[in-house]
Amino acid sequence: MGAVGEPATDSAGVRQRLRRFLGLDDDGVSTPLVLLSGAIAAAVLSPLVWLLLRASEVPTDEALSLIGSSGDVFANSLALVAVVTTASVLLGVPLAVLTVQTDLPFRRFWTVVIALPLVIPSYVGAFAYISAFGPDGALADALAPFGVQIPEVYGLGGTALVLTLFVYPYVFLTTRAALLSFDETQLEAARTLNVGYLSAFRRVILPQILPAVTAGGLLVALYALSDFGTPSIMQYDVFTRMIYVELNSFGDGRNNATLLSLQLLTVTAVVVALESRIGSGEDSGYGAASSSTAMISLGRLRWPAMLLPVLVSTFTLALPVGILAMWFVRAEALAYEVGGRAFEWGFALNSVYVAALAAAATLTLAIPVAYYSGRSRARFAWLAERATYLGYAMPGVVLALALVFFSSNQLAEWFGPGVARAVYQSLPLLVFAYVVRFLPQAVGASRSSVLGVDPALLGAARVLGEPPRRVFRRVTLPLIAPGVFAGAALVFLTTMKELDTTLILHPTGFTTLVTYIWRVQEGGYYGRAALPALVLVVVSGLSMIPLLVQGRDK
Amino acid sequence: MSNQPTSTTDGPRAKRAADRTDSTVADADAVLELSNVVKEFAGERAVDGVDLAVREGELLTLLGPSGCGKTTTLRTIAGLESPTEGTVRVADETVAGDGREIPPEERDVGMVFQEFALFPHLSVAENVAFGLDDPDSEAADRRVANLLDLVGLDGYGDRSPTELSGGQRQRVALARSLAPEPDVLLLDEPFSNLDVALRVEMREEVARILNEAGVTAVSVTHDQEEALSISDRVAVMSDGQIEQVGSPASLFEHPESRFVASFLGQASFVPGKITESSVDTTIGSYGRDLLEGVTDEYVGAEVDVLVRPDDLRLSPADGEAGPISAETQPVTTADGGTSVASADGEVVQRQYTGPSFVYHVQLDDGPVVRCLHNHAEEVEIGERVSVRLVADHTLAWYPAA
């Protein structure tokens with residue numbers, strides 16, 4: 001970056017500072033690129049604007065009384081987050097230690113099995129649990145003659161249990177990565193200093209893996225806070241569920257939904273802020289060789305120790321998948337029992353169609369931002385990149401709500417009700433919602449590819465007589481293509497299983513796997529939901545491959 | 001194998017311990033004893049029947065090429081590996097073998113790790129206090145202060161290990177391992193992580209600290225210079241076995257096997273034949289007394305004589321005719337015999353080390369030998385030379401291979 005000698009009092013100085021702010025003097029950065037990235041960032045941020053605009057329309061006294069009355073929802077949400085996060089840490093950390101540092105039999109196998117619950121969308125898990133243990137649930141009925149009483153599955157207990165079972169792998173994976181990069185000679189050093197394993201874990205290992213555990217815990221907290229499906233199915237009144245309920249009610253409903261959304265966003269922002277502080281400032285070892293050789297021998301406990309992963313995977317994998325499979329078989333056999341609309345493969349096709357659109361759109365928008373922020377260290381490049389992370393912090397329900405306001409209120413005000421009707425619950429709006437929600441995934445993957453391109457290669461291409469635009473096309477693009485496509489694939493798969501935004505914004509009559517599952521499970525036609533839910537589990541499983549592979553390589 | 005008598009010369013550093021090469025007999029004052037220690041990894045014998053007794057207060061170094069099993073031996077002593085066979089005794093207590101396996105934290109064995117393994121989340125003082133019974137007590141504070149003083153890091157207690165240089169990290173690692181007053185201190189390639197200049201400085205420093213602390217220590221290295229310069233005794237290892245144990249000087253001057261001989265110093269072997277009064281080699285005939293412990297019963301034997309660069313001199317040969325230089329007078333050897341410099345060879349390589357040259361000479365009839373010359377005596381590569389023995393001490397020899 002150019003150095004400025006003169007004080008920037010004249011217009012040349014101002015221009016110079018602006019150029020630096022935009023990073024225009026950086027290699028490969030051009031004015032169109034900056035403008036395009038800025039426009040994408042602005043578009044992504046716009047839902048926040050619509051939400052704030054809508055909130056400002058709520059009369060102050062009404063707002064105050066509404067906020068006052070939402071105390072229960074706030075408390076419920078915090079309770080859920082606290083329980084789920086704590087339980088996930090208590091489950092994830094010991095499992096990580098067990099699979100990384102001990103001589104547990106079949107460690108590789110268990111590592112995969114323990115991480116695998118991430119592939120089951122939590123609402124599918126919740127649906128499976130309700131259909132088994134809820135009133136008139138399959139297992140509840142089967143166990144009743146033996147005098148076994150299933151505790152109430154609705155409310156905090158059930159919601160927290162189901163969420164924990166399907167999100168604790170976040171803690172497991174971050175902790176595992178930290179344990180793998182832990183220098184095992186430190187443990188040996190502790191032992192030659194007459195300190196046993198348990199004490200060494202507390203004094204040496206724990207302080208060093210704490211940032212990773214916290215990072216995983218915050219991911220879990222963020223998930224618990226923004227998850228809509230599980231609390232809705234389990235009938236536990238948290239922000240997301242209440243926002244959805246209020247949105248679909250009349251009268252003050254939309255005002256309520258808006259204020260609840262703002263509260264939820266605030267809490268989410270706190271979690272995200274905490275998370276971004278944890279990421280940096282790691283106090284890692286120097287010259288440490290990472291290793292996954294067993295550091296401690298469990299001795300006689302070696303085989304009994306397998307009980308823990310066996311027990312966990314029974315509840316996270318065997319039970320839900322078994323229940324879905326059972327419903328599927330039963331539905332085939334007792335077709336007359338089933339009500340509601342029959343499943344059509346066209347729904348799956350719709351899912352694929354809209355997910356492909358979303359992936360293509362996200363990919364197109366991610367490349368400029370990723371390239372700009374990867375090539376330039378200017379302030380504006382950083383801002384544009386950060387802006388695209390909004391979708392990460394904005395729960396789907398809140399995003400959908402903001403877009404509802406945009407299409408039904410804002411557009412009607414600007415262009416009349418005709419335009420509003422055309423946009424509201426239209427396919428482009430739905431795709432835009434997906435883009436906002438999943439752009440972070442695509443930008444993240446693309447940006448790290450851009451950063452991985454050796455600048456010397458670009459210099460070499462320039463010296464060989466290629467102008468910047470052709471260097472991008474002939475050198476940069478082919479090199480970043482794998483990363484970009486990996487990001488797009490991830491967007492495709494996560495879009496397939498996205499619940500909240502799809503539910504609120506899907507065009508009338510446009511049924512996808514997700515909206516179908518939602519409708520039949522609301523009607524209690526569990527047999528109907530089994531097949532699409534199993535399909536979603538498979539799709540979701542594919543989307544987790546990058547995460548699992550990453551966890552293994554580390 | 002050789003049949004030389006054992007040496008009686010004491011190395012300059014063998015001041016704390018009597019110098020005997022046999023270590024299989026358990027010494028009365030042995031702090032650490034290994035007997036027939038075997039360690040197998042997936043069927044591979046990394047350590048293959050090691051017997052060793054380390055005496056109170058001495059510094060013994062396991063020296064050998066990488067993969068010879070020296071580090072595994074060290075880790076077995078620490079309890080970080082358990083031996084497949086054999087026993088390890090520390091301070092008259094069996095810590096491994098005979099059905100016992102005392103975990104490392106219950107052995108009074110300290111260790112300095114190759115990468116130092118300092119705890120990055122703790123300060124220097126906290127690192128040093130780590131192994132103490134009550135790290136927060138005043139007694140611990142005093143002990144830490146004393147140790148930091150001993151290793152020359154007074155006032156560094158509040159620093160983070162990540163802020164320290166390599167040499168300083170090593171000092172902290174040493175202080176930390178000394179803090180719980182171990183019966184035996186183990187050092188795993190302690191200087192391999194330091195740059196060359198620091199290495200020489202630190203090995204003198206570490207020898208001083210160990211001496212002041214009066215601790216019994218076993219170190220491991222592949223660097224012969226390091227082993228010879230700081231150790232009271234050196235055990236040369238090869239293929240999981242100990243080849244020879246002894247003071248640095250006795251090892252260097254009287255290696256019992258070709259392996260030890262070739263591992264220490266830039267050794268070469270010159271073939272020769274023993275006669276009644278002389279030994280006839282490819283680089284001339286010398287008095288029989290030049291060889292160690294030769295008696296009449298060896299007359300007629302074919303031998304290989306161990307020569308090191310400082311035992312040999314070369315001089316330019318004029319064409320194929322042989323040496324004519326004024327320098328090349330017949331030389332009177334230590335035992336009074338004379339040698340007739342004759343053998344021809346060709347300089348094939350030249351190492352310039354600053355103060356001296358080491359010339360590699362390909363002898364016409366076989367081996368490459370190395371000759372040490374000062375930097376002023378320059379010979380070109382490819383030049384024909386004659387080589388002669390100038391040793392002023394007896395030479396080791398081995399039956400011809």
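Guide: In this predicted model, β13(B) and β14(B) are joined by a hairpin through 2 residues. Strand β14 covers residues 284-287 of chain B, and 4 bridges link it to β13(B), the two running antiparallel. Within this pairing, S278(B) stands opposite G287(B) in β14(B).

β13(B) also takes part in a hairpin with β12(B), with 3 residues between these two strands. Here 3 bridges connect β12 (residues 268-274) to β13 (residues 278-281) of chain B, and the direction is again antiparallel. In this pairing G272(B) lies opposite T281(B) in β13(B).

Elsewhere in chain B, 5 strands make up an open sheet, ordered β2-β1-β4-β5-β6, with antiparallel pairing. β2 (44-55) and β6 (100-101) of chain B are at the edges; each has a single partner strand, so one side of each lacks a neighbour in the sheet. Further in, β1 (residues 30-41) and β4 (residues 85-90) of chain B are held together by 5 bridges, and S35(B) stands opposite T87(B) in β4(B).

Helix α4 (residues 166-178) of chain B has 13 residues, which at 1.5 Å a residue should span 18 Å; its end C-alpha atoms are 18 Å apart, in agreement. Because 10 of the 13 residues of α4(B) are buried, the helix is largely enclosed by the rest of the structure. Among them are V172(B), A173(B) and L174(B). The buried residues of α4(B) pack against several elements, including α3 (138-150) and α5 (196-213) of chain B and also α10 (184-192) of chain A.

Definitions and conventions:
Residues numbered from 1 in each chain as written. Chains lettered and ligands numbered in written order. Predicted model: local features only at pLDDT ≥ 70, side-chain atom pairs only at ≥ 80, totals over all residues. Pairing = 2+ DSSP bridges. Expected span 1.5 Å × (residues − 1). Buried ≥ 20, exposed ≤ 12 C-beta atoms within 10 Å, placed from the backbone. Contact = placed C-beta atoms within 7 Å.
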